[in-house]
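Thank you all for coming; I would like to take a few minutes to walk through one structure with you. Please have the sequence and the model open while I talk.

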Amino acid sequence: MADADADGPLGTFIRPATRTFFGAPPVDDLSALSAQVGFIGVPSDQGVIIPFIRSGASGGPRLVRETRTRLRESRSDGTSAGWFDIETERHYLEGLRLADCGDVLLAPGDVQLSLERITEASRRIAERGAIVAAVGGDHSISFPVGRGVADVFGKVDVVHIDAHPDFADTIYGSKFSHGSQLRRLSELPTTGNLTAIGLRAVDRDQYEDMKRLGVGFASTRAVLDEGPEALVDRLVRPAENLYVSIDIDVLDGALVPGTTLPEPGGIDYRQLRALLEAISRKGRIVGFDIVETSAAQADLHTAMTTAWLMVHFLTAIFVGEASPTRRILEGAAS
Ligand SMILES: [Mn+2]
């Protein structure tokens, strides 16, 4: 059979020197973006609580670009060659239009300006009709990315998947760390229902605040006891628009030694994948981020896990039988 790898943009045996996410065509003019998924790297360390936590998540986008899943590089027409799944004996995502929109140029020493740039990039990708797929970076980026997506879609429900709630009003006096971004998202008038899943390392005051402010939440134990599908069905309400924020540290610390703050006792890859598949059935996915893949330990295993998770989530979004995103996009295309 034909080798899916052979049909690269430069022919059979060479590839562009600069790697992009999944070999997607690079886009440097967002106003000309024409894709179903727009990847954007957000190489931020600015939200990390230093010196208590080791930084390095700014290297996440580079590490994820360097990995290689079974999702093959672009065909000569620029669309994805897709990936083969032996478990279902099907080929997924062939012909999907992916684009690598590059990295947000963060403003050195100016957090507010950096946040504005992240929001602007996300808004412009969403305006072009692409799902915003942001790769962090530390978790503080979810607030500006989610804000940019909500600028385009209006009401957006948020699902936060993380070992930690990141729901502190302030941490050491700052409102924009990687421990506060869910709280900032909750304050946006565009944010609807908010759900946090996979929690196991939680300060009591954040637990009390989530209860007081109506955030739906589930501990890691609840995911294990109920199972991912039943838990999502109980906790995540059907939504018109959904933004999903995935901290890779929701996985057991042994599985992701290259994340910023690995926590023991987490869920495994299959359980996280099942959570995302169940969430993809709850509403149109208008954007997601995947964060805290860190270069501090130069761990390509964690980056590979991150990349595979994106492939599996995109497959659920674009191929899943009960995916509202798929129905909406097919309706728009016909
Ligand atoms: Mn987090």
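Predicted model: local features only at pLDDT ≥ 70, side-chain atom pairs only at ≥ 80, totals over all residues.

Let me begin with the core. The largest nonpolar core in the model holds 93 residues, and helix α9, which covers residues 300-319, supplies its largest share, namely nine residues. The residues with the most contacts inside this core are Val37, Phe39, Ile40, Val132, Val149, Leu275 and Ile279. If we take Ile279 and set aside its neighbours within four places in sequence, which residues is it in contact with? The answer is Val159, Val232, Val236, Leu242 and Val244.

Helix α7, residues 228-235, packs with helix α8, residues 269-280, at an angle of about 35 degrees, and the two axes lie 8 Å apart. On the α7 side the contact is made by Pro228, Glu229, Val232 and Asp233, while α8 contributes Gln271, Ala274, Leu275, Ala278 and Ile279. Sorted by class, that contact consists of six nonpolar, one polar and two charged residues. The crossing of α7 past α8 is right-handed.

The second pair is helix α2, residues 111-127, with helix α3, residues 142-153, where the axes come within 7 Å of each other and cross at roughly 40 degrees. Angles under 35 degrees would count as roughly parallel and those from 65 to 115 as roughly perpendicular, so α2 and α3 are described as oblique to each other. Here too we have a right-handed crossing, with α2 passing α3. The contact draws on Leu115, Ile118, Thr119, Glu120, Ser122, Arg123, Ala126 and Glu127 from α2, and on Pro144, Val145, Arg147, Gly148, Val149, Asp151, Val152 and Phe153 from α3. By class, these residues divide into eight nonpolar, three polar and five charged.

Staying with α2 for a moment, Arg124 is found in this helix. Is Arg124 buried or exposed? Arg124 counts as buried, because it has 20 C-beta neighbours inside 10 Å, and 20 or more is what that class requires.

Now to the backbone. Another runs from Gly136 to Gly137, with omega near 15 degrees, and Gly137 has its place in the loop between β5 (131-136) and α3.

Turning to phi, Leu93 has a positive value of about 70 degrees although it is not a glycine. Leu93 lies in the loop between β3 (90-92) and β4 (98-103), and it is buried, because 23 other C-beta atoms lie within 10 Å. Asp166, again a residue other than glycine, has a positive phi near 50 degrees. Asp166 belongs to the loop between β6 (156-161) and α4 (181-186), and with 28 C-beta neighbours inside 10 Å it counts as buried.

Terms used
Residues numbered from 1 in each chain as written. Core = buried A, V, L, I, M, F, W, Y, C linked by C-beta atoms within 7 Å. Buried ≥ 20, exposed ≤ 12 C-beta atoms within 10 Å, placed from the backbone. Helix = DSSP H or I, 4+ residues; strand = E, 2+ residues; numbered from the N terminus. Contact = placed C-beta atoms within 7 Å. Axes fitted to C-alpha atoms, helices over the stretch in contact; angles between N-to-C directions. Left-handed = near helix turned anticlockwise from the far one by under 90°. Nonpolar A, V, L, I, M, F, W, Y, C, P; charged D, E, K, R; others polar. Parallel < 35°, antiparallel > 145°, perpendicular 65-115°, else oblique.
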